[in-house]
Amino acid sequence: MYMTKSARVLSILSGLAVLGALSGPSAAADSPTLARIKSNGAITIGHREASIPFSYLGPDQKPIGFSLDLCAAIVERIKAETGLPSLRVNYVPVNSSNRIPLIQSGTVDIECGGTANDKKRQEQVSFSVATFVSQPRWLVKADSGLKTAGDLKGKTIVVTQGSNAVGFAQGVNAKEQLGFNIVQAKDHAESFLMLNTGRAAAFMEDDILLAGLKAAAPNPDALIFLPEGYAKIYYGLMFTKGDTGFKALVDDVLSKQMASGQFEKTYAKWFTRPIPPKNENLAFPLTVELTERIAHPSDAVD
């Protein structure tokens with residue numbers, strides 16, 4: 001069929017437009033996760049119940065936190081990608097033990113919590129670019145007389161089941177020959193309770209999670225950190241392994257927020273200002289390591 005010159009030009013431009021759309025962020029429309037979300041007319045977000053300030057229950061028992069705010073921006077992008085402005089958002093509580101299986105089964109589309117990205121977990125799930133950089137530390141009671149990790153020799157210490165802290169505590173125990181009795185609690189709340197009731201002499205977890213629990217305690221000054229800090233840990237949002245389209249969408253949203261300054265504003269809201277439930281300020285400013293990741297977004301781990 002004969003086409004005029006102008007018609008041919010329009011046809012070429014149209015083809016280029018389609019090609020550009022397929023190669024850009026909208027290529028995420030081929031994502032299995034997005035396909036499931038569109039089919040269900042809903043996205044299911046996994047959240048933690050006591051991972052202050054990343055993901056926890058607020059005074060009204062609804063999930064709030066830094067990671068939830070980041071995921072809210074991702075949800076808005078997904079609404080645009082799927083053409084579902086009234087997309088429902090379902091929240092499912094997860095813990096250290098079940099969060100990865102729930103992602104793998106497709107029960108949860110994205111976990112918006114405080115989860116560390118490491119090479120072992122990368123064999124099971126995928127992570128966004130880093131949203132936080134932390135270090136494992138020890139939290140003890142101020143009146144315990146404990147000054148260093150060496151003082152914990154032969155004592156019962158608690159870690160949360162499924163947390164990276166389990167491996168770190170075991171490593172410290174083996175390297176330093178401290179003879180810990182390592183107890184694993186079901187979640188951070190139970191670990192914290194064991195410390196406060198004296199059933200454990202120390203609680204090992206990432207510094208910011210411990211800072212959040214400490215700030216929310218009835219008497220924050222009754223708890224102190226031991227000076228030792230261990231390897232750097234990079235947090236990220238977690239989702240199905242190998243879903244490159246969904247990862248491209250999530251990383252694009254976060255990277256643009258980092259470039260625009262919005263990410264730092266959200267960070268300040270949760271880490272350097274009073275937060276619920278007690279209006280405590282964690283006073284945890286941006287670290288050099290996280291500032292570097294904001295300037296150069298990456299999901300790389302050491």
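In the predicted model, Asp 118 is buried (under 20% relative accessible area, with a 1.4 Å probe and protein chains only) yet forms no salt bridge, a term that requires a side-chain nitrogen of Lys or Arg within 4 Å of a carboxyl oxygen of Asp or Glu. The nearest side chain of opposite charge is that of Arg 121, 4.2 Å away; Lys and Arg count as positive and Asp and Glu as negative, with His and the chain ends not counted. Asp 118 is located in the loop between β6 (110–117) and α5 (119–122), where helices (H or I, at least four residues) and strands (E, at least two) are DSSP runs numbered from the N terminus. The side chain of Asp 118 reaches the backbone nitrogen of Arg 121 at 2.7 Å and that of Lys 120 at 3.2 Å.

Residues are numbered from 1 along each chain as its sequence is written. Local features of this predicted model need pLDDT of at least 70 and side-chain atom pairs pLDDT 80 or more, whereas totals for chains, interfaces and linings use all residues; side-chain values use heavy atoms, without hydrogens and water.

The whole structure contains 2 cavities of 30 Å³ or more. A cavity is a set of points, on a 1 Å grid over the protein atoms alone, where a 1.4 Å probe fits but cannot get out; lining residues have an atom within 4 Å of a point. A volume is the space filled by probe spheres set on the points, which are joined across faces, edges and corners. The largest cavity holds about 80 Å³. Its lining comprises 14 residues, of which Arg 99, Gly 114, Ser 163, Glu 205 and Asp 206 are the closest to the centre. Both β6 and β12 (202–206) give two or more residues to this lining, and β6 has the largest share, with 3. By class, the lining has 3 nonpolar, 6 polar and 5 charged residues (Ala, Val, Leu, Ile, Met, Phe, Trp, Tyr, Cys and Pro count as nonpolar, Asp, Glu, Lys and Arg as charged, and the others, Gly among them, as polar).

The second largest cavity has a volume of about 50 Å³, and 7 nonpolar, 1 polar and 2 charged residues form its lining. Helix α8 (residues 207–216) gives the most, 3 residues; the lining also includes Ile 275, Pro 276 and Pro 277.

The largest pocket (an open set of points with protein on both sides within 12 Å along at least five of seven lines) has a volume of about 160 Å³. Its lining divides into 4 nonpolar, 4 polar and 4 charged residues, among them Arg 48, Glu 49, Lys 186 and Asp 187. At least two lining residues come from each of β2 (50–51) and α7 (188–196).

Definitions and conventions:
Buried < 20%, exposed > 50% of the residue type's maximum accessible area, 1.4 Å probe, protein only. Polar contact = N/O pair within 3.5 Å; in protein donor to acceptor, adjacent residues only side chain to side chain.
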